[in-house]
Amino acid sequence: MISALRKLTSIRLPFWVMFMNTFSMAVGFYMMIPLLASYLLNDILLTVTMVGIISAIRSFSQQGLSVLCGTLADKLGYKRTILIGLLIRTFGFGMFGFVDSIPGFIIACFFSGLGGSLFNPASYAYYAALSTSSNRITIYAIREMLSNMGFVVGPVLGALLMGFHFKYVSLAATLIFAFSFFFSLFFLPAIQSEQSRKAYTGIWSQMQNVWSNRPFRRFMLFTMISWSLVTQLYIAVPFRVHQLASDANIGLIYSSGAIVMVLLQVPLSKLGNRRLQPFGVMSLGTLLLAGGLFTMGMMGSMWGIYAGVIAFMIGQVFLQPMMNTMVSDYAGDEQIASYFGFNSFALSIGAIIGNVGGGYLYDLGNVLGWQGLPWVCFLVFGLINIRFMLKEQRTTSSGSSVRSAV
């Protein structure tokens with residue numbers, strides 16, 4: 001107990017502020033975004049196609065612009081960029097409760113996503129600048145754990161407020177991001193990597209410098225493919241539940257997986273970091289993602305869905321903190337936010353591939369009469385990516401951009 005208290009008191013104030021921001025922003029995001037599509041379909045009576053377009057605009061503005069916004073963070077400083085992003089998202093989320101037209105929702109989605117594209121790379125870079133190579137994996141694991149806690153809490157609060165009106169969901173999420181803005185303004189120290197400031201050579205030159213890192217380009221390809229599997233979760237579970245038991249509680253399935261992530265995030269991340277090489281940890285995470293999807297699809301029972309979701313979530317436990325740690329290592333002390341911006345863009349491409357390709361495979365399986373087609377493809381896709389990641393690990397020397405032991 002005394003040892004645990006000493007560890008807590010040894011954590012510096014900026015980390016506590018960032019941890020609070022991570023949790024509160026996750027609550028605000030997950031209480032709003034999962035309910036937005038339902039509100040647009042059932043209350044505003046938009047078509048499914050239009051809802052998809054509006055959602056795509058938010059996704060593009062959040063991740064498609066991250067390359068530019070990450071580069072700006074290296075110029076402006078991490079705190080300033082976080083504050084600007086929080087302010088813009090506060091405005092965007094506030095708009096949702098007061099507009100009732102398609103142009104209004106498009107503008108709200110654009111600003112909501114733009115805010116995220118600003119503060120996400122900057123916040124990851126802030127964590128990297130504060131941490132060291134010895135504790136970085138733990139710091140990112142704690143960050144993911146807090147984000148997952150927000151995923152558990154946010155939808156519950158959103159559902160309660162939705163019982164009154166979606167406007168209350170919008171106002172509550174807006175207040176949460178406003179709190180994060182003022183909390184960061186007064187308590188978050190201004191910080192920026194000194195090397196990053198010195199190395200900054202302009203937006204386009206900075207982007208060219210990051211893109212010229214060939215090992216990092218290969219890394220982005222690996223994360224893009226693994227992320228295409230991550231995005232399957234929100235398609236695969238409803239799809240299988242509809243096939244097996246359409247009246248089952250999907251929220252309970254997601255919550256059970258999220259609780260597993262919260263409980264196991266830090267210990268499993270540290271265990272993987274101690275026992276495996278970086279690409280080995282990512283390979284294990286990808287194997288669990290692909291294996292979880294395969295289990296969901298090939299076991300013809302609800303227990304199979306629960307088992308697959310839990311395996312899938314454990315895969316994310318291994319994948320995400322190591323992925324963020326490796327991005328920091330590729331960046332070194334320079335251009336940290338720029339590297340995170342590029343990786344976020346790669347993840348957005350993976351999400352597009354996963355959503356479009358996954359949907360096509362589900363439909364193709366129905367047409368061909370082979371229901372196992374998508375699940376076998378996901379497993380094979382994951383195994384191919386693992387094969388090349390392990391090959392990359394073998395060719396990575398101890399002095400290269402990613403250390404043999406992070």
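A charge is taken to sit over a ring if NZ of Lys or CZ of Arg is within 6 Å of the ring centre and within 35 degrees of the ring normal. By this criterion, Arg387 lies over the face of Phe388, at 5.6 Å from the ring centre, and Arg217 lies over the face of Trp211, at 5.2 Å from the ring centre. The model is predicted, so that local features need pLDDT of at least 70 and side-chain atom pairs count only at pLDDT 80 or more, whereas totals for chains, interfaces and linings use all residues. Residues are numbered from 1 along each chain as its sequence is written, and side-chain values use heavy atoms, with hydrogens and water left out.

Leu268 is located in helix α13 (residues 250-275), where helices are DSSP runs of H or I with at least four residues, numbered from the N terminus. Leu268 counts as buried because its relative accessibility is 18%, the term buried meaning under 20% relative accessible area, computed with a 1.4 Å probe on protein chains only. When residues up to four places away in sequence are not counted, Leu268 touches Ile314, Val317 and Phe318, contact meaning heavy atoms within 4.5 Å. Although Leu268 and Phe318 are 50 residues apart in sequence, their C-alpha atoms are 6.9 Å apart in space.

A search of the whole structure finds 32 aromatic pairs, in which rings of Phe, Tyr and Trp (its six-membered ring) have centres within 6.5 Å. Phe179 and Phe183 form a stacked pair, 5.4 Å centre to centre with 15° between the planes, stacked meaning planes under 30 degrees apart. Because Phe179 and Phe183 are 4 residues apart in helix α8 (residues 166-187), about one helical turn separates them.

Conventions
Helices (H or I, at least four residues) and strands (E, at least two) are DSSP runs, numbered from the N terminus. Buried means under 20% relative accessible area, exposed over 50%, partly exposed in between (1.4 Å probe, protein chains only). Rings of Phe, Tyr and Trp (its six-membered ring) pair if their centres lie within 6.5 Å; planes under 30 degrees apart count as stacked, over 60 as edge-to-face and the rest as tilted.
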